[in-house]
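Subject: Structure for you to look at

Dear colleague,

I am passing on a structure that you have not worked with before, and my notes on it follow below. Please read them with the model open beside you.

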Amino acid sequence: MTEQPFIKVRGLTRTFGNFTAVDNIDLDINRGELFVLLGGSGCGKTTLLRMLAGFETPDAGSIEIDGADMAQTPPYSRPVNMMFQSYALFPHMSVEKNVAYGLKRDGVDRAQIKLRVGEMLQMVEMQDFAKRKPHQLSGGQRQRVALARSLIKKPKVLLLDEPLGALDKRLREQTQFELMELQDKLGTTFVVVTHDQEEAMTLATRIAVMEGGRFMQIGTPAEVYETPATKFVANFVGSVNMIDGVVTSCQPGLVDVKTKQGAVTLQAQSRDEHAVGSEVSIAVRPEKIIIQKTRPETEPETPNVLHGTVKELAYLGRLSTLRVETDAGFIVEVTSPNTTRHSDGKHPFEWDDEVYISFPAASAVVLIA
Amino acid sequence: MSGAGPQRSTFLLSCLCFGFAFLYIPILLMIVYSFNHSKLLPVWGGFSFRWYVTLFNSPDVWAATVLSLKIALINATVATFFGTLAGLALARFTRFPGRTLFTGMISAPLVMPEVITGLSLLLLFITLQQLIGWPGNRGMSTITIAHITFSMAYIAIIIQSRLANSDLSLEEAALDLGAKPFRVMADITLPLLAPGMMAGWLLAFTLSLDDLVIASFVAGPGSTTLPMLIYSRIRLGLKPDINALATLLVLAVAIGVLIAGWILIRNQRLRKP
């Protein structure tokens, strides 16, 4: 027996005037997943989330949650809760009352409410702040209260709109792991909206990259990063070198591409067939490129060796980012880990150093669009 | 550069002093004269509460005060109710036909000359009387209705601006947590609007207490409000007890405005920690 998807979205569309925010989307999310919708502003991710919550009415299409059609269900009857980007804590209620609100509306008796609110505040480590008003809390504390409030009704699905967006970097990293732990403990299906690709990579079991109201790619963080489906995905998730060229030969699994600039032949692995003469781009992540001062011994697996000079250098501590201008003319970005300590302040590579950069064909991806 | 700072501040300070003097010296003068024992206005005859005592012993002043307060109370309450509804509609239903027109029209009473408002209301009441036989005689009810019409506009604008600044996601959060729309209104929207409504109520109260022109148009015989009484007395010659009455009125209005301002400011601080 195959398990039915927990959230099943079919043909979902929402337009605002002439603008199509969500364009005929199909989506399956499994029970207990931490699913992340990733995209820039205006890509439709928030509109999709708001349709799942019931705040926006779809123009077309259907949403099913746990086998029940949600078309006619108003937000207050959906088995779904949302954590808002602004947290939306009720300013005139204490922390305790904010968290209790959902249970109160469900008519849970007082003793039970007190018990569950206590437990929930314990879980997010806010038990000492129960009597405070939201404006007396720090950003991180508000985030915890908002999380507690949205989880108190034990929703089937928790929707999180930029859950960590308002926190500073250090707190955000810490909270990411707490959020994952919590999700693991509760087993609730989480749908997270974010524009931060690092956050998406950390949190997600699967990521959907959105652009212009459509999905560009849906997959695990590793799939999205290592085998991006389009140029947009490759660029949006992490940084990438994109080298344009024309296919000169296509053997099974290996594609030779002659670059537009400099006419160098590069080789990349590809599962797809590419017609000779078709225009493609070769995408290589900067950290997959090896940089050396001497020419590497050319082995059959590493035909992609280029000579160039270091044009720019950014020392970032644990690694350095170098921009190398190849003899062919195009610029390649390389990150190199700083594995040894140089207390004299010198870098292993300096400006205008002559270097060789190389990458195995397996590290490169061929992208058409 | 160091000399520019103090120089400029001296100039600004004198501007400020002049402005305030211009605004408040007449009122201060009136307050001072209300404690003048002498019957002749420009002659200072020593400090006394004489005119306040006279005031409390004159029945027509009492009647006018009671009438004005009654009108102000009813006006403030009814105008707050309807003004809040109008403000809610303006702020929340963002897309309905004629919204811009409606928004413009709600603020029209604020800029309309009082004489026009008064005259048009009088015409309305006369027409109504001919058509449906109501209002039989103009008096408290017509003044109250007239006051409600313009007070409502002020309140609608206060409420609208508060809602425009407020976070719509608060109401969505309540909906999301299982509150039906009516519940959301009672639990979230109205409590958040309460300070605005209170401030609006006080503003409507003082507006009504102040109004002379509109009340004069729509009042009938035997319904003299406090400002009307003061005005009619002045026409018969300046009498010191009017100073006392006016002083009390200034005090009442000042307290009302101060409380309204305090509520609004305190609430803004609470919202933005």
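Between domain 1 of chain A and domain 2 of chain A there are 5 residue pairs in polar contact, both residues at pLDDT 80 or more, a polar contact being a pair of N or O atoms within 3.5 Å, where within protein one must be able to donate a hydrogen and the other to accept it, and residues adjacent in sequence count only if both atoms are side-chain atoms. On the side of domain 1 of chain A that touches domain 2 of chain A, α7 (221-226) and α8 (231-236) of chain A each supply at least two residues (helices are DSSP runs of H or I with at least four residues, numbered from the N terminus).

This is a predicted model, in which local features need pLDDT of at least 70 and side-chain atom pairs count only at pLDDT 80 or more, while totals for chains, interfaces and linings use all residues. Residues are numbered from 1 along each chain as its sequence is written, chains are lettered from A and ligands numbered from 1 in the order in which they are written, and side-chain values use heavy atoms, with hydrogens and water left out.

The rule finds 1 salt bridge across this interface (a side-chain nitrogen of Lys or Arg within 4 Å of a carboxyl oxygen of Asp or Glu), and the side chains of Lys288(A) and Glu226(A) meet in a salt bridge at 3.1 Å, N to O.

The domain assignment, automatic or from a database, gives domain 1 (7-235) and domain 2 (239-294 + 301-367) in chain A.

Best wishes
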